[in-house]
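Hello,

I am handing over a structure that you have not worked with before. Please look through it with the notes that come after it.

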Amino acid sequence: MAEKTYICRVDQIKAGTPFIAKVRSLSVGVFRVGETFHALLNICPHRGAPLCEGPQCGTTAPVEEARFIYHRENEIVRCAWHGWEFDIKTGSALVDPTVRARTFPVMVEDGNIYVTA
Amino acid sequence: MFIVDCDCHNYWSSATVLEPYLSGIWKDMFIEGEKTGPRGSFPHGHRPWFHPQDFSRKDVRPETEADNYRIMKEKHLDKYNVGVAILTGDEPIEASTLANPYYASALVSAYNDYQIAEWLPKDDRLMGSIIIAPQDPKLAAAEIRRLGSHPRMVQVLASQGSVKPYGDPFYHPIYEACAEMRLPFAIHLGGHGGVNWNAVAPAPTTFFWETHAILHMSAISHVASMIAHGVFEKWPELYFVVIECGVAWVPTVLWRLDADYKALRKETPWLKLLPSEYCRRNIRFSTQPLEQPPNVQHLWSILEAMDGENTLMFASDYPHWDYDDANTLHIPPSWRTKVMGQNALDVYKRIPAILTANAA
């Protein structure tokens, strides 16, 4: 049975500094991307590393020639160990979208953030 | 199951930790002389590739010198119940890139003394490596003899980058000293800069990942060279340990070496066994970073072809970005006891004696 866990106040999470919280028995990273909040299990689907302890960052846009367009700033988390990049909103790995980090619903009520797991 | 980690990096936060272990002109040069970066940098000839996200895991963030061991203990040794971790330093093997062999030798000596004084006492599970600067093999041999009797120094370690392939007779004083002190000779990925300019053939590649994936080209050269020059005929009990160079290439290279040797053995009449037989007897490979094909059976077939059950030794490469953890290493389950520890205890013969003494 899913339950709702209080995480913190909205102003406690800045873009670039996720809040890592216990949700039931799980370690979960809660990220701010623009004005929305997203939660990922703090376990990388690649090799089990602490995914959310890596940098929240952007990445290079796919291009046809050697140009370097840094985009999607703060939409990506780069795993703490091996550097795999994941879309924070969907949990999908950029290099292979079939590899997915587990995501959790996030709710904001009266400036409080809750995660359901 | 007893776990031996054959590649555990003991970081420092600043190379100034070596200052108390240097003296005379070397201390003067280390403090006052030019370095590769600001004060606290270790002097070395840098490689032409920069790691885009740096080498360390991002969940390992030491703030003080003491944190380097505290985090290793918490996030690695205790977490994975590591029985023994062989320290491989980090920057010190890069002394092999310097053109001045006397300064390089002084730097690795200082590191070795620092390791013995400041790391080994921290934890009974830690064993040391005698790091050498191979560009002057006579000085390297002297360093091996200086520290080779220390019971917790379990191997001699050099970088994979070198000015010549390691089988060359130029390096034989090193193996003579290793054999005399009954220590394995190990090489670790790195040292691919400065005087060791030819890390990859035919010339430096461009990007870091492209390069890192093929840096074992040097290891291929060293394996072929050590065998062809007869190092294992001169010192039949010497173990040569190849660390962090991958393993899936090994059988295919041995197939080629055996085929060409059978046709052209007249070039090296001192050899008595097939290249693959010397490899099986004298060379060991650390697992990390173990290749990850989509179908693990493909990897396991290759590992069987190199008798991986008996020639592979677990390594984590803590705390680097391509760390392999002990719980999830993808080897055949029936091999785990040997690969995770027993094979290393057979190669590093000092370790069982220390474990017995610690238990008493």
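Predicted model: local features only at pLDDT ≥ 70, side-chain atom pairs only at ≥ 80, totals over all residues.

Residues are numbered from 1 along each chain as its sequence is written, chains are lettered from A and ligands numbered from 1 in the order in which they are written, and side-chain values use heavy atoms, with hydrogens and water left out.

Helix α9 of chain B

Helices (H or I, at least four residues) and strands (E, at least two) are DSSP runs, numbered from the N terminus. Helix α9(B) covers residues 250-264, which makes 15 residues. From first C-alpha to last, α9(B) reaches 21 Å, close to the 21 Å expected at 1.5 Å a residue; the expected span is 1.5 Å times one less than the number of residues.

Which residues of α9(B) are buried? They are V250(B), P251(B), V253(B), L254(B), D258(B) and Y261(B). Buried means under 20% relative accessible area, exposed over 50%, and partly exposed in between (1.4 Å probe, protein chains only). Seen down the axis of α9(B), the buried residues fall within an arc of 150°, so they line one face of the helix. The arc is that of the directions from the helix axis to the C-beta atoms. An α-helix has 3.6 residues a turn, so residues three or four places apart point the same way. On the other side of α9(B), W255(B) and R256(B) are exposed.

Contact means heavy atoms within 4.5 Å.

With α10(B), the axes come within 8 Å and cross at roughly 135°. Axes are lines fitted to C-alpha atoms, for helices over the stretch in contact, and angles run from 0 to 180 degrees between N-to-C directions. α9(B) and α10(B) are therefore oblique to each other; angles under 35 degrees count as roughly parallel, over 145 as roughly antiparallel, 65 to 115 as roughly perpendicular and the rest as oblique. On the α9(B) side the contact is made by V250(B), L254(B), L257(B), D258(B) and Y261(B), and on the α10(B) side by P275(B), S276(B) and C279(B). These residues divide into 6 nonpolar, 1 polar and 1 charged. Here Ala, Val, Leu, Ile, Met, Phe, Trp, Tyr, Cys and Pro count as nonpolar, Asp, Glu, Lys and Arg as charged, and the others, Gly among them, as polar.

Y261(B), in α9 of chain B, counts as buried at 14% relative accessibility. Not counting residues up to four places away in sequence, Y261(B) touches T268(B), L271(B), L273(B), L274(B) and P275(B). Y261(B) and G246(B) are 15 residues apart in sequence and 24 Å apart in space, C-alpha to C-alpha.

Helices α1 and α3 of chain B

The axes of α1(B) (residues 24-32) and α3(B) (residues 101-119) come within 10 Å and cross at roughly 90°. The two helices α1(B) and α3(B) are therefore roughly perpendicular to each other. W26(B), M29(B) and F30(B) in α1(B) meet Y102(B), Y103(B), A106(B) and L107(B) in α3(B). That contact divides into 7 nonpolar residues, no polar and no charged.

Backbone details

Most residues other than glycine have a negative phi, and most peptide bonds are trans. Phi of N81(B) is positive, about 50°, although N81(B) is not a glycine. N81(B) is found in the loop between α2 (65-77) and β2 (84-87) of chain B and is exposed, with a relative accessible area of 57%. E244(B), also other than glycine, has a positive phi near 65°. E244(B) lies in the loop between β6 (240-243) and α9 of chain B, and is buried at a relative accessible area of 5%.

The peptide bond from Q288(B) to P289(B) is cis, with omega near -5°, and P289(B) is in the loop between β7 and α11 of chain B. The bond from Y318(B) to P319(B) is cis, with omega near -5°; P319(B) is in the loop between β8 (312-313) and α13 (336-347) of chain B.

Regards
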